Amino acid sequence: MTRAKTVGEAMVDLLEANGVDVVFGIPGVHTVELYRGLASSKIRHITPRHEQGAGFMADGYARVTGKPGVALVITGPGLTNTITAMAQARQDSIPMLVISGVNRRNSLGHGRGLLHELPDQAAMMKSFALYSHTLVDPADLPAVIAQAFSIMGSARPGPVHIEIPTDVMPLLAGDMVPKATRAARPSADSETLKELAALCNQAKRIVLMCGGGAVSADKAVTALAEKLDAPVVLTTNARGMLSGHPLRVPASPSLKAPRALIAEADLVIGLGTEMGQTDYDMYANDAFPVLKKFVRVDIDAQQLAREPRADLPVLSTVQAAVDGVLPLLSAHSTEGAEQARKTRESAWNELSPKIQTEIGIMGMVYDALPDAIVVGDSTQAVYAGNLYLDVARPMSWFNAATGFGALGYGAPAAVGAAIGAPDRPVVCLTGDGGFQFSLAEIGSAADAGAKVIFLVWNNDGYQEIENYMVETGVEPEGVRPSAPDFLDIAKAYGVPAVRLTDVAELGPALGAATRRNGPSLIEIHQTRTKGATA
C-alpha cells in the first residue's frame, strides 16, 4: 500500500510537476515539514546566507531560464527578509514563487507572542504580491499551486506567495495527481491587428521601443523592424536584442539622441516596456518627448491604461502581436539603418569620458567572455552600462539599478543565474558598498560550486551618492563606509582572488577565472587600477 503524503511532500511533487528543479531557501523549525520530501526529490536545494539572498537568487535564476524562481522561507523574519527581493521582482516583472510558513491556524490574529509572529502576515503580503494565499485546507493545495503558476505564466509576471500554517504542513494531503499548470496568455484580436497594420502602413517614420517583455520575441521583433525599416531603441532589460543589427540603438531613451529620434517619429511602437522613469527619464528632467502617435503592446491591461496613454493599446504578448501583424504590413524604406547609426554615434558622444571609459571596461568583459551573463548591482559602472552598452545576446545584461533599485542584488542574483545557466560564464558586477549588503553570498556560491566571477568595482564608498550630494550643495555625510580587504574575504571562503593594477589585466584574469570550478573574485579600484577612469 502506498503511504499517504503530507502537505509538505505533496507540495514538492506539485513543484516538480510544474518544472521546478531548484529552490532557494534557509530551513527553520517553522518549515521543516515542507522539507520532508525535498531530499528524495529531483529538486536541488541551494542555501543562501540570508533570506533576501534567496529571493534575489530566485530572481537571477528566473531571468536566465525563463522559469519561475522559487524561494522557501520561514514565517516572520524569513519572509520579511525576502520582501525586498519580491519588490524588485514586482518592478522588473520577474516570476517568483515564495512559499513561507505561518504560525498555526488558531493563533492567527490573536497576538499571543508566538515565535516569528506578525500581526497579519497575509495582509502584509497581499499589499504587493500578485497573489497571496493562506493554505488552511490540505485538499486545496493542488488548486493553490495551479493558481500561483497560472498567474506567473498568464499575464505580467511578478512575485506570488503561498503561506502554509505550521499545523497544516504535517497533515495528509489526500489523493492527488500532480499536474503541470497550463497558462493562457493574451493575444491580440484580428481587428486590433488590422488597425495596427493600418497605422504602420500609413506611417513614414517609425521607431520601436523594446523593454524586457519583448526579449523572448527577439527574432520576431527583428523581422518587424526590418519590414518597417524602423530603428529599435533598447532599454536596459532589452539589451542584446537585434545583436549587431544596423537598426539597433543600445542607448538609454534618457539620452538626448534617442529622444530626438523618438520625437521625430510619426509612429512609435512600445513593445513590452513599462515606460518607467528608470529607463526613460533616468535624470528625472521630464524631457521625454510627446509622442505624435503611440501604439503600446503589453500583456498587462492596467499597464496599457497608464501614461503615456496609447492611441492604440494592444493587449497581447509581443510574440503574438508581431506574428499576427507581420503578414499585414507593407515593406518600408526610410533609411532606418542610417537613423540608427547617427543615433548611436550621437548618444555615445553625449557621454562623459569617465562614463565612456567604464563602458569600455564592460566591453572588455564581453570581449574576453562573449557568452557572459553580467549581473549588476547599483554601482557606477552599472549606471554607465545602462546608459549605453552593446550586448551580444538577450538577457546577458541585467541589474538592480532599474525598477526598485535594491542594493545587494548583484551577488545573490548572480549565484541564481549561474545555477540556471551553468554552461555560461556569469560575472557579478558590484560596488564595494553594495557588495557588503550581501558579501556572505560568496560562501553560497562556493557551497553550490557556482561559477560566478565577482567583479568588484571599488571606489571607496557610495561615490555616486557623494557626487550627487556635492552637485546639490549638500555636504557629504555617511557616504564613506569602510570596506574590508575583499581578497582576504574571498580567501576566507577558499575563493581565488586578484586585485588588478591595470585594466589591461582584466581579460587574462577573466580567462583564468572561467577555467576554475567554482567562484572567483577580481577587484578593480577606480583610482588605483590604471585605466579604470578617464
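Met275 is located in the loop that runs between strand E10 (267–271) and helix H9 (277–280). In this predicted model, the phi angle of Met275 is near 60°, a positive value in a residue other than glycine. The relative accessibility of Met275 is 10%, and because residues under 20% are classed as buried, Met275 falls into that class.

A positive phi is also found at Asp286, again a residue other than glycine, where the angle is near 55°. Asp286 belongs to the loop between H9 and strand E11 (294–298). With a relative accessible area of 70%, Asp286 is exposed, whereas Met275 is buried. A further backbone feature concerns the peptide bond joining Glu307 and Pro308, which is cis, with omega at about -5°. Pro308 lies in the loop that separates helix H10 (301–304) from strand E12 (312–315).

The interior was examined next. In soluble globular proteins, nonpolar side chains tend to be buried together. The largest nonpolar core comprises 91 residues, and the members that touch the most others are Leu208, Ile269 and Leu271. Helix H15 (residues 410–420) is the greatest contributor to this core, supplying seven residues. When residues up to four places away in sequence are left aside, Leu208 is in contact with Val221, Leu224, Ala225, Leu228, Ala230, Pro231, Val232, Val233, Ile269 and Leu271.

Two packed helices are described by the angle between their axes and the distance between the axes. For helix H13 (residues 353–368) and helix H20 (residues 506–514), the axes come within 9 Å and cross at roughly 45°. This angle makes H13 oblique to H20. The crossing of H13 with H20 is right-handed. On the H13 side, the contact involves Ile361, Met364, Val365 and Ala368, which meet Leu506, Gly507 and Leu510 of H20. Six of the residues in the contact between H13 and H20 are nonpolar and one is polar, while no charged residue takes part.

How values were computed. Residues numbered from 1 in each chain as written. Predicted model: local features only at pLDDT ≥ 70, side-chain atom pairs only at ≥ 80, totals over all residues. Heavy atoms only, no water. Core = buried A, V, L, I, M, F, W, Y, C linked by side-chain atoms within 4.5 Å. Buried < 20%, exposed > 50% of the residue type's maximum accessible area, 1.4 Å probe, protein only. Helix = DSSP H or I, 4+ residues; strand = E, 2+ residues; numbered from the N terminus. Contact = heavy atoms within 4.5 Å. Axes fitted to C-alpha atoms, helices over the stretch in contact; angles between N-to-C directions. Parallel < 35°, antiparallel > 145°, perpendicular 65-115°, else oblique. Left-handed = near helix turned anticlockwise from the far one by under 90°. Nonpolar A, V, L, I, M, F, W, Y, C, P; charged D, E, K, R; others polar.
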